[in-house]
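Please read this briefing alongside the sequence and the 3D view. It is arranged by topic.

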Amino acid sequence: MTATAVYATPRRQTNRIRAILRKAWHLRLGVVGGLIIFAMLLVAFGVQWITPHDPYEQNIMQRLLPPCWMEGGVSSHILGTDHVGRDLLSRILYGTRISLVVGLSAVVLQIVIGVFLGLLAGYYGGKVDSIISFMVNVMMGFPFILLAISLIAVLGPSLQNIVIALGCTGWPVFTRVTRVETIKLKEREFVLAAVSQAFSTLRILIRHILPNLLPSILVLGTVEVARAIIRESLLSFLGLGIQPPTPSWGMMLAEGRDYMLMEWWLAAFPGLAIFLSALGINLLGDALRDVTDPHTRKD
Amino acid sequence: MNQAKHFHDESGYRENRLLEIEGLTKHFPIRKGLLGKTVGHVHAVDDVSLAINRGETVGLVGESGCGKSTVGRCILKLYEPTNGKICYKGKDIEGLDKRNVVHFRSKIQMIFQDPYASLNPRMRVRDIIGEAIRVHRLADRHTWKERVAQLLDDVGLQADHMVRYPHEFSGGQRQRIGIARALAMMPELIVADEPVSALDVSIQAQILNLLDRLKEKFDLSYLVIAHDLAVVEHIADRIAVMYLGNLVELASDRDLYLDPKHPYTRALMDAIPKAEAGARRKKRRFLQGDVPSPITPPPGCRFHTRCPEAKEMCKKQVPILRLIGDRHWVRCHLYD
């Protein structure tokens, strides 16, 4: 590090690029994750321009076509077609949008509820803590699927209600992590110093405790985005999520199930999409933790 | 409580009193089980009385776990005392209304033991020091940074350190930042809880000298909490010795060093490593055994289980704090 810094002056530009490359190599898995997420975002925003076919267009004459590289495949349908002849690739690409929207908004809702309750429980302790911890334990003990099904049954299946159902069932993990970290942090001397400087509780929670929780929340949050995407697929697979004909990976997986033995691509490619997005998000989350932690940050 | 009252009539320093602690007691409940039933108490501090005068440095010494830090935290209202009274300039600090709490807190500040835990790792130095200045409007909105630079200069750091994060500093520098943060509130009394015990020996003296200089410059008083008599020896005018939640001896710096009365204080003195010529070497006595549990402190004198001079009476009767010389107080049956 120091050696390059010494020679940096004459060739600043090249050294800068080198430093960035070195950092990227250090975080190479995160870069891979970032690229996957970036690609997903591009697809989600520009999906109407890049899909080769209308994802809703049926063509009974061309149903259950295999991917183009297999025998009987057609080059216009790269990943083949489903049981009513819709283009599989186009539907998977459109599914990206649903997955991202559901995953991100569900986790934002989880964080808002979970972190708020966790801060209260951890900082105030006593009765507040007992009540919130009891709620968390009940939620954690309750099967997610049962709760989500009842919520959807009451609210009716729609994109918005899936987000609400996932948000209202997923927050306890955030409460747990926030609570434990808050209990640890409030005994730390810098928080005691803040108390002895007569700062308000709100200021102490927001300025002194919350920023120190961010790395844990961020890491957990990315994992939870992946989980929310999987859960959305699960709900859609069960027919409680996104309603046909809107393409969702989970629902496509469900539709492909009946053809799994012969036309395996119908289930395999949506499954691969779920796997890749979850992997990318997790890799990115790990790298983000390293970057945001000031102990490992080198300027 | 009788002795505490007596204790405070001791001298004509009344008008100079900054802080008075009377019969301070703090018990921490031990909770067990689902319903949090209290199964016992940790007797962290029992009936401690102490006064700090303006411009004075009082040392509070004792083994770890003897309750000395608890005393400090009670003074800062970080803990609620179980019993007893703490008065600042004659005003009870309990039951202050919101505005007065802010005022009181600005007058008493704390320096912490661990310079790695006492600074928020996610804040820049200028915010760590400047937050109090901005929140409590201790400087103009445009000049607060100059005030921070001034404080950094006061503690021996440079103004361009402002934009850095705590992890970019050494332990000694961090402790200086912590001191600057305390000074930002313009306090009159600083409670220093083990201010140097986490630092390298070479740095310790620097920090102690800095504290001494700041005392002159800002007209401060200190309560210095330490487990090491040698540290307190440098800066304290009076020294209080605590054992297992009790105050066992209180005397001026000189008296305590030249003529320690309590067997526990003597043992602490003997534990200080000294370079002495062979001929003058006295026999040193070291304590045997461990500190008893503060959950079930021994009856009678709390020190009797380890005291080399314990008599039958020490096991039964609790000694009281007695005046045995010029402002020299001791809690021991040897001086009944």
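Predicted model: local features only at pLDDT ≥ 70, side-chain atom pairs only at ≥ 80, totals over all residues.

Residues are numbered from 1 along each chain as its sequence is written, while chains are lettered from A and ligands numbered from 1 in the order in which they are written.

**Chain A**

- Chain A has twelve helices and zero strands; helices (H or I, at least four residues) and strands (E, at least two) are DSSP runs, numbered from the N terminus.
- Along the principal axes, the C-alpha atoms of chain A fill a box of roughly 75 × 65 × 30 Å.
- Of its 299 residues, 38% count as buried. A residue is buried if 20 or more other C-beta atoms lie within 10 Å of its own, exposed if 12 or fewer, and partly exposed in between, with C-beta atoms placed from the backbone.
- Among contacts in chain A between residues at least 6 apart in sequence, 69% join residues at least 24 apart. Two residues are in contact if their C-beta atoms, placed from the backbone, lie within 7 Å.

**Contact between chains A and B**

- Chain A gives 15 residues to the contact and chain B gives 22 residues.
- On the side of chain A that touches chain B, α9 (189-196) and α10 (201-237) each supply at least two residues.
- The largest share of that side, six residues, comes from α9(A).
- By class, that side has eight nonpolar, five polar and two charged residues. Here Ala, Val, Leu, Ile, Met, Phe, Trp, Tyr, Cys and Pro count as nonpolar, Asp, Glu, Lys and Arg as charged, and the others, Gly among them, as polar.

**The sheet of chain B**

- Eight strands of chain B form an open sheet with mixed pairing, in the order β6-β7-β8-β3-β9-β10-β12-β11. Two strands pair if DSSP finds at least two bridges between them.
- The edge strands, each pairing on one side only, are β6 (108-111) and β11 (321-325) of chain B.
- From one strand to the next, the twist averages 20°.
- β6(B) pairs with β7(B) (residues 189-193) in the parallel sense over four bridges, and Ile108(B) has Leu189(B) as its bridge partner in β7(B).

**Strand β3 of chain B**

- Five of the five residues of β3(B) (residues 57-61) are buried, so the strand is largely enclosed by the rest of the structure.
- In a regular strand the side chains alternate between the two faces of the sheet.
- In β3(B), Thr57(B), Gly59(B) and Val61(B) point one way, and Val58(B) and Leu60(B) the other way.
- β3(B) runs parallel to β8(B) (residues 221-226), joined by five bridges; the partner of Val61(B) in β8(B) is Ala226(B).
- β3(B) also runs parallel to β9(B) (residues 238-243), joined by four bridges; the partner of Gly59(B) in β9(B) is Ile239(B).

**Helices α4 and α5 of chain B**

- α4(B) (residues 125-135) and α5(B) (residues 144-154) pack at an angle of about 125°, with their axes 9 Å apart. Axes are lines fitted to C-alpha atoms, for helices over the stretch in contact, and angles run from 0 to 180 degrees between N-to-C directions.
- That angle makes α4(B) oblique to α5(B); angles under 35 degrees count as roughly parallel, over 145 as roughly antiparallel, 65 to 115 as roughly perpendicular and the rest as oblique.
- Residues of α4(B) including Ile129(B) and Ile133(B) meet residues of α5(B) including Val148(B) and Leu151(B).
- By class, this helix contact has five nonpolar, one polar and four charged residues.
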